[in-house]
Amino acid sequence: MGAYLGCEAWHCQANLRCPTASTLAPGGVGGYMKTACEQCGEAMRAILDVLVLILDLYWWIIILSAILSWLIAFNVVNVRNQFVGTIAHFLHQLTEPALRPIRRFMPDLGGIDISPIVLLIAIYFLKRVIFYYLYPMVI
């Protein structure tokens, strides 16, 4: 049980139940007590769930930023409109720190910017690593 992420307490290494850190399991019958390792596992699952949620939100922010940049480039929306300009600036501020390093290493393809696609692939890969390698360690 000591292989759980972030749980290195002595009772986890010895596979013992810790009465000070245990709570009654939800829906538990017969007084089953959770070990501190199980509590660490639940905390790690919660952290991983939040991380996946943040990655999902950032995925959609990148897509919105790309669509808005196309709409601005083809003069469908006017950047001089205060609302559109504010949204464009907000999306640019959120995505540019992640896209700038990718653009430095990408070759010049003329007017085509594929750095958002590279970032979306990296986010997809990171989510797969979380689901296939980190989740099984804490379940």
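Trainee: How much space lies in the largest pocket?

Mentor: About 480 Å³ in this predicted model, the volume being the space filled by probe spheres set on grid points joined across faces, edges and corners. A pocket here is an open set of points on a 1 Å grid over the protein atoms alone, where a 1.4 Å probe fits, with protein on both sides within 12 Å along at least five of seven lines. As it is a predicted model, local features need pLDDT of at least 70 and side-chain atom pairs count only at pLDDT 80 or more, while totals for chains, interfaces and linings use all residues. Residues are numbered from 1 along each chain as its sequence is written, and side-chain values use heavy atoms, without hydrogens and water.

Trainee: Which residues lie nearest the centre of that pocket?

Mentor: Ser65, Ala66, Ile67, Ser69 and Pro116, out of 23 lining residues; lining means having an atom within 4 Å of a point. Helix α2 gives the largest share, 9 residues. Helices are DSSP runs of H or I with at least four residues, numbered from the N terminus.

Trainee: And by class, what does the lining have?

Mentor: There are 15 nonpolar, 5 polar and 3 charged residues. Ala, Val, Leu, Ile, Met, Phe, Trp, Tyr, Cys and Pro count as nonpolar, Asp, Glu, Lys and Arg as charged, and the others, Gly among them, as polar.

Trainee: Back to α2, how many residues has it?

Mentor: α2 has 38 residues and reaches 55 Å from first C-alpha to last, close to the 56 Å expected, which is 1.5 Å times one less than the number of residues. After α2 comes Asn75, with a positive phi near 55°.

Trainee: Switching topic, which residues have the most contacts inside the largest nonpolar core?

Mentor: Leu48, Tyr58, Ile62, Leu119, Ile123 and Ile130, in a core of 14 residues. α2 (36–73), α3 (82–105) and α4 (115–138) each give two or more residues to this core. Such a core is a set of buried Ala, Val, Leu, Ile, Met, Phe, Trp, Tyr and Cys residues joined through side-chain atoms within 4.5 Å.

Trainee: What does Leu48 touch?

Mentor: Ile130, Leu134, Tyr135 and Val138, not counting residues up to four places away in sequence. Contact means heavy atoms within 4.5 Å.

Trainee: Is Lys127 buried or exposed?

Mentor: Lys127 is buried, at 13% relative accessible area; buried means under 20%, exposed over 50%, partly exposed in between (1.4 Å probe, protein chains only). Lys127 lies in α4, and beyond its neighbours within four places in sequence, Lys127 contacts Leu55 and Asp56.
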